[in-house]
Amino acid sequence: MLNREIKKRRTFGIISHPDAGKTTLTEKLLLFGGAIQKAGTVKRNKAEKTATSDFMEIEKQRGISVATSVMGFEYLNHKINILDTPGHKDFAEDTYRTLTAVDSVILVIDSVKGVEEQTRKLMQVCRMRHTPVIVFINKMDREGREHFELLEEIEKELNISVRPLSWPIGIGSSFKGVYHLHKHKLNLYSANKKSISGDYIPIDDLADTQLDTILGEKAANTLRDEVELVDSVYEPFDIPLYRSGYLAPVFFGSAINNFGVQELLETFIEIAPEPQGRATDTRFVEPNEKKFTGFVFKIHANLDPKHRDRIAFCRICSGKFERNTFYHHVRSNKNLKFASPTSFMADNKSLVDEAWPGDVIGLYDSGNFKIGDTLTEGEVMNFVGIPSFSPEIFKELENADPFKTKQLEKGIAQLSDEGVAQLFVQNPGNRKIIGTVGELQFEVIQFRLLQEYGASCRFRPMNTRKANWVSSEDPEVLKKFLYSNASKIAYDKEDRPVFLAGSQWDIDYALGQYPKMQFHENSEWD
Ligand code: G4P
């Protein structure tokens, strides 16, 4: 039973630079999966895009992102779990953490714009984790870039080998469709297609004159030449290479026109990995182990400001999760029971009695969970690989209302447990430094501290641009380093020392002075 449930599941995330078409593609996948009946169900918040500082927008966004955090649906006897990743750069940390809970990703690239800034950053995280990636080149109905040139840019900029599995015929106004290179089928494009079933024409041999009749002689010949070139330039597709994160199959299409989405989904089910095992600090956990294990990768504050309840999103790693059963919360050494765990199916939330590896469940929480927490049936171990990355903006948190010091302390601790921002503390003096990747997060913190905890705060800008976690094999060297650099050292929420640098130069200089010190870009360096 356990093995059957594991084999059925595919848990993945869709990532892209904002505007490339992530929301549209998500929606179309849900449509194909029959999970929603019409497009427009997966609502998108424009606040995400415009970085507006309107608090109502922030609140709205919080609501929407709960609803769309996980979208599950059944397709061809498979249970597909799509984990939503915020597109806005200011919430990139949330996206990085979500990527720890997926087994593969689909990367959407705009055919006109090619590789963009967020694409690069997100792919860095995928490469670090060897996450298998499928590339979907979207907006083929627009006058986009030349296909080979675009593929070369992806390989070079994202540092991954690619292998087209479908090939476009023309582009923009002359876009005629795609040829599925493996299945030897032609899928002809018609704009604004309402139907979701593709009309495939089997063409086993590209020399077949039928191709000339359908596409016209010129387009048919171009396709023949290009396919020959593809076969000579790119290595044949290899599933193990894809699954180990080194080779990305590529599909071309137009999400808004439902085009190329079905090929993508069907191939995805065929090749994407089923739920994978995960490493802990003591051993590797396989999904088919009988005992339940899972970890929390995202915490969401409840929408009702009167209650401080939160929803912790837990990825199931092994065994079967059951409702109303005691599980061990390793960090606090407490046993917890969940009366109303939630599963997510498209736009619905519902109570679940059981869940399997690869599934994500929402657990109502009154403040027990931190991001990265592990649940087991009693074994003491912690899932690893949920690192923090260096923030980009640092500000000192100042208490603006001395009568509310306790509330501020509690609020900021809880918000950092939720992963809204990173909190570093400098001692002596208990100086609090907040690190974020975007300005928007400071506004969220200020707003939520006031609304939910009644605490007022101000932020004082700092010169710090980068935080590096530091270590040394020689404890004496570490001690001396920390002592002599005290003004640049702070501690993260796990009490790990962090070096606050104004620039890379500061790090290089410190390293010159202390060659036995190690500086790390993220909190889990080994
Ligand atoms: P995102 O989640 O990655 O930010 O992108 P989203 O799906 O919101 O798509 C961004 C814009 O690109 C949307 O237009 C969307 O309609 C358009 N789009 C998506 N897929 C295609 C495609 O295949 N071809 C073309 N031509 N456009 C596509 P918008 O005007 O910003 O929003 P909307 O008013 O259409 O919602």
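The chat below goes through the chain, the ligand shell, a helix contact and a sheet.

Q: Before we start, what kind of model is it, and how are residues numbered?
A: This is a predicted model, in which local features need pLDDT of at least 70 and side-chain atom pairs count only at pLDDT 80 or more, while totals for chains, interfaces and linings use all residues. Residues are numbered from 1 along each chain as its sequence is written.

Q: OK, how many helices and strands are in the protein chain?
A: The protein chain has 15 helices and 31 strands, where helices (H or I, at least four residues) and strands (E, at least two) are DSSP runs numbered from the N terminus.

Q: And which residues are closest to the ligand?
A: The closest are K22, T23, T24, S254 and I256, out of 18 residues that surround the ligand, a residue being near if its C-beta atom, placed from the backbone, lies within 6 Å. Helix α2, residues 22-32, gives the largest share of this shell, with three residues.

Q: What about L31, buried or exposed?
A: L31, which is found in helix α2, counts as buried because it has 20 C-beta neighbours inside 10 Å; the cut-off is 20 or more other C-beta atoms within 10 Å, with 12 or fewer for exposed and partly exposed in between.

Q: Switching to strands, in what order do the four strands of the open sheet come?
A: The order is β7-β8-β9-β10, and the pairing is antiparallel, where two strands pair if DSSP finds at least two bridges between them.

Q: Which strands stand at the edges?
A: Those are β7 (166-169) and β10 (200-202), each with a single partner strand, so one side of each has no neighbour in the sheet.

Q: And how many bridges join β7 to β8?
A: Four bridges join β7 to β8, residues 177-180, and the bridge partner of I169 in β8 is G177. Helix α9, residues 217-233, lies across β7 and β8 and runs at about 150 degrees to β7.

Definitions and conventions. Two residues are in contact if their C-beta atoms, placed from the backbone, lie within 7 Å. Axes are lines fitted to C-alpha atoms, for helices over the stretch in contact, and angles run from 0 to 180 degrees between N-to-C directions.
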